[in-house]
Amino acid sequence: MNEQIKPLFVATAPFAERPRHAGKSRRLLARLSSLSATAIDKIEWFGVTIQKIANTLRFEQFWKERIARDQRVTIVPTFNKSTGKHPIWNIALNWVNANSSSGTLLELGTNNGGSLKYFVDHLPRTFRLVGFDCFEGLPESWDGLPAGSIKGFGGPVELWADDPQKRREIVANLERGIGFPPPPQPNVNIESGLFSESVTRYLSKNGWPDDLRLIHFDADLYISTRPILDTICGPLKYRYIILFDEFYSANHEFKAWREFVDLYRFSDWRVLSASEDGSQVLIEMNVHASLG
Ligand SMILES: C[S@@+](CC[C@H](N)C(=O)[O-])C[C@H]1O[C@@H](n2cnc3c(N)ncnc32)[C@H](O)[C@@H]1O
């Protein structure tokens, strides 16, 4: 410590058993603080439900304004066992292939690697694909599913789908707690860990992507979507596309998108495609700009 600097004077107040709230309503509410934790959880549930109702109504307005009024939007069937999500994935991949011959694709929420495998199989090797996942399941509860749900095998095993024996070996290793090797596709990278660590690590290593073509949001949760929208999509001013996998989830991806658009006062976007039920939505960003 620098010897010339004396400690600064600190004004003190009498020791307080409770916070001395400045606001009247806060003081009134504080009287309920003896409620049980269960009762407080119920109040929170009520608040979340009310918010969900509001966001569901906003979703209907979004559909009216951004889809029903725009005849260019392609509606695809709701996810089903025979076609899966291929129709909207194909629209996204056709956009990427029609507009560029190389670039970066980011996937937030890779799980077993099913979507990433489909994307890499339908693009030339000149594209780089990066899959982000903690491989530990959802870090928070989501729409009735508890935290830890959707863990899958604990690694992107579908990337080895063309080599069933290797895939089986990797599944068995994951069950024994042994990690997975680098993907067999040289243009695919996997960044493991919570996004708060892995995306930060990726950006500090590679910088902000200057040739992003597609960002696939498939992490379900608000907390896993909003920070990435703000951090990655906010600063990007060139044209690219975003695919949401659970857009209809009113308090999660949809809420994250709405808040992001408000924060950045972002209006230069349009919906390219949506599934009939609104779960998958494909958005073109910076429609009037050129590609990165
Ligand atoms: C619906 S799954 C992804 C499905 C995958 N795209 C596929 O096609 O099989 C959602 C994944 O997001 C991951 N996830 C959600 N939030 C995350 C976060 N904040 N950090 C890291 N992974 C997260 C979960 O671990 C889970 O594997």
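Figure 1. Let's start with Pro77, which sits in the loop between β1 (74–76) and α3 (86–99). Everything here comes from a predicted model. Is Pro77 buried, exposed or partly exposed? Because Pro77 has 14 C-beta neighbours inside 10 Å, it counts as partly exposed. Leaving aside residues up to four places away in sequence, Pro77 touches Thr83, Pro87, Ser275 and Glu276. Leu272 is 195 residues from Pro77 along the sequence, yet their C-alpha atoms are 14 Å apart in space.

**Figure 2. The whole chain, for orientation.** Time to step back for a moment. The protein chain has eight helices and eight strands. Its C-alpha trace spans about 70 × 55 × 45 Å along the principal axes. There are 292 residues in the chain, and 30% of them are buried. How many of the contacts between residues at least 6 apart in sequence join residues at least 24 apart? The share is 74%.

**Figure 3. The open sheet of eight strands.** In what order do the strands of the sheet line up? Going across, the order is β1-β7-β8-β6-β5-β2-β3-β4, with mixed pairing. β1 and β4 are the edge strands; each has a single partner, so one side of each has no neighbour in the sheet. From one strand to the next, the twist averages 20°. Helix α3 packs on this sheet, where it touches β1, β5, β6, β7 (269–275) and β8. The direction of α3 makes an angle of about 145° with that of β7. As a reminder, strands of a sheet pair through backbone hydrogen bonds, either parallel or antiparallel.

Figure 4. Take β3 (residues 127–133) and β4 (residues 188–192) to begin with: they pair in the parallel sense, over five bridges. Phe132 has Glu191 in β4 as its bridge partner. To get from β3 to β4, the chain goes through helix α5 (residues 164–175), and this β-α-β crossover is right-handed. Now for the antiparallel case: β6 and β8 run antiparallel and are joined by five bridges. Here Leu243 stands opposite Leu282 in β8.

Figure 5. Glu175 belongs to helix α5. With 10 other C-beta atoms within 10 Å, Glu175 is exposed. Which is the distance in space between Glu175 and Phe153, C-alpha to C-alpha? They are 7.7 Å apart in space and 22 residues apart in sequence.

**Figure 6. Helix α7 and its buried face.** Helix α7 (residues 222–233) has 12 residues, and its first and last C-alpha atoms are 15 Å apart, close to the expected 16 Å. Which residues of α7 are buried? They are Ser224, Thr225, Ile228, Leu229 and Cys233. Looking down the axis of α7, these buried residues fall within an arc of 120°, so they line one face of the helix. An α-helix has 3.6 residues a turn, so residues three or four places apart point the same way. The buried residues of α7 pack against several elements, including β2 (103–108), α6 (195–206) and β5 (212–217). Also on the list are β6 (240–244), α8 (253–263) and β8 (281–285).

**Figure 7. Helix α2, hardly covered.** Helix α2 (residues 37–68) has 32 residues, which should span 46 Å at 1.5 Å a residue. Its end C-alpha atoms are 44 Å apart, in agreement with that figure. How many of the 32 residues of α2 are buried? The count is one, so to speak a helix that is hardly covered.

**Figure 8. Two residues with a positive phi.** Most residues other than glycine have a negative phi. Asn111 is not a glycine, yet it has a positive phi of about 50°. Asn111 lies in the loop between β2 and α4 (114–121). Arg265 has a positive phi too, near 45°, and is likewise a residue other than glycine. Arg265 is found in the loop between α8 and β7. Arg265, with 6 C-beta neighbours inside 10 Å, counts as exposed.

Note on methods:
Residues numbered from 1 in each chain as written. Predicted model: local features only at pLDDT ≥ 70, side-chain atom pairs only at ≥ 80, totals over all residues. Helix = DSSP H or I, 4+ residues; strand = E, 2+ residues; numbered from the N terminus. Expected span 1.5 Å × (residues − 1). Buried ≥ 20, exposed ≤ 12 C-beta atoms within 10 Å, placed from the backbone. Arc of directions from axis to C-beta. Contact = placed C-beta atoms within 7 Å. Pairing = 2+ DSSP bridges. Right-handed = clockwise from strand over helix to strand, strands pointing away. Axes fitted to C-alpha atoms, helices over the stretch in contact; angles between N-to-C directions.
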